[in-house]
Amino acid sequence: MVQFKVLSGKKAGTMWSARRFPVQIGRGQSADLQLEESGVWDRHLRLDFVPLEGLVLTSQPEALTRVNGEPVQQTALRNGDTIELGATSLQFWLTDCRQAGLRWREWLTWSAIAVVSLLQVGLVYLLW
């Protein structure tokens with residue numbers, strides 16, 4: 001998942017996480033992340049997941065969007081990038097990963113090692 005931290009504007013300090021793609025950011029009701037600042041269009045930008053490129057930001061042709069201070073129409077985002085749209089700015093982050101529990105697999109592995117060891121001891125005893 002990805003998350004955005006709103007750095008300036010009415011929602012400054014809030015975090016928003018994207019659960020699915022594409023993500024629309026803008027002022028309109030259809031936007032996933034709604035920002036009501038001046039200079040933000042109804043559908044200001046879109047964030048897509050492209051398998052070979054990563055997360056790609058695509059801005060509306062007339063909408064002013066800057067990534068790390070540089071004006072862009074389309075660019076691949078990196079962790080920590082700052083996105084400026086209208087009078088607000090966001091910071092792009094990848095969310096922390098949660099490690100899956102491996103207790104069951106570890107227990108199964110140690111059990112298999114114990115069974116194989118006992119079988120080897122039994123085999124040595126029978127062949128002696």
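Helices (H or I, at least four residues) and strands (E, at least two) are DSSP runs, numbered from the N terminus. This is a predicted model, in which local features need pLDDT of at least 70 and side-chain atom pairs count only at pLDDT 80 or more, while totals for chains, interfaces and linings use all residues. Residues are numbered from 1 along each chain as its sequence is written, and side-chain values use heavy atoms, with hydrogens and water left out.

**Exercise 1. Describe the elements and the overall dimensions of the protein chain.**

Step 1. The protein chain holds 11 strands and one helix. Read from the N terminus, the order is β-β-β-β-β-β-β-β-β-β-β-α.

Step 2. The radius of gyration of the protein chain is 25 Å, whereas a compact globule of 128 residues would have one near 14 Å. This radius is taken over C-alpha atoms, and the globule rule is 2.2 Å times the number of residues to the power 0.38.

Step 3. Along the principal axes, the C-alpha atoms fill a box of roughly 85 × 30 × 25 Å.

Step 4. Of the 128 residues, 30% are buried. Buried means under 20% relative accessible area, exposed over 50%, and partly exposed in between (1.4 Å probe, protein chains only).

**Exercise 2. Determine the strand order of the six-stranded sheet and follow its pairings.**

Step 1. Two strands pair if DSSP finds at least two bridges between them. The open sheet has the order E2-E1-E11-E10-E7-E8, and its pairing is antiparallel. Strand E2 (15-18) and strand E8 (70-71) are the edge strands, each of which pairs on one side only.

Step 2. Strand E7 (residues 65-67) is joined to E8 by two bridges in the antiparallel sense. Here Arg-66 stands opposite Pro-71.

Step 3. E7 also pairs with E10, over three antiparallel bridges. In this pairing Arg-66 faces Glu-84 of E10.

Step 4. E10 is linked to strand E11 (residues 88-94) by four antiparallel bridges. The bridge partner of Glu-84 in E11 is Ser-89.

Step 5. Two residues lie between the strands in the hairpin of E10 and E11, where Gly-86 has a positive phi near 60°.

**Exercise 3. Locate the backbone features in two loops.**

Step 1. The peptide bond from Phe-21 to Pro-22 is cis, with omega near 0°. Pro-22 belongs to the loop between E2 and strand E3 (23-26).

Step 2. Asn-68 lies in the loop between E7 and E8. Although Asn-68 is not a glycine, its phi is positive, at about 55°. Asn-68 counts as partly exposed, with 40% relative accessibility.

**Exercise 4. Which residues does Gln-24 contact, leaving aside its neighbours within four places in sequence?**

Step 1. Gln-24 is placed in strand E3. Its relative accessible area is 14%, so Gln-24 is buried.

Step 2. Contact means heavy atoms within 4.5 Å. With neighbours within four places in sequence left aside, Gln-24 is in contact with Ser-30, Ala-31, Asp-32, Leu-33, Arg-43, Leu-45 and Arg-46.
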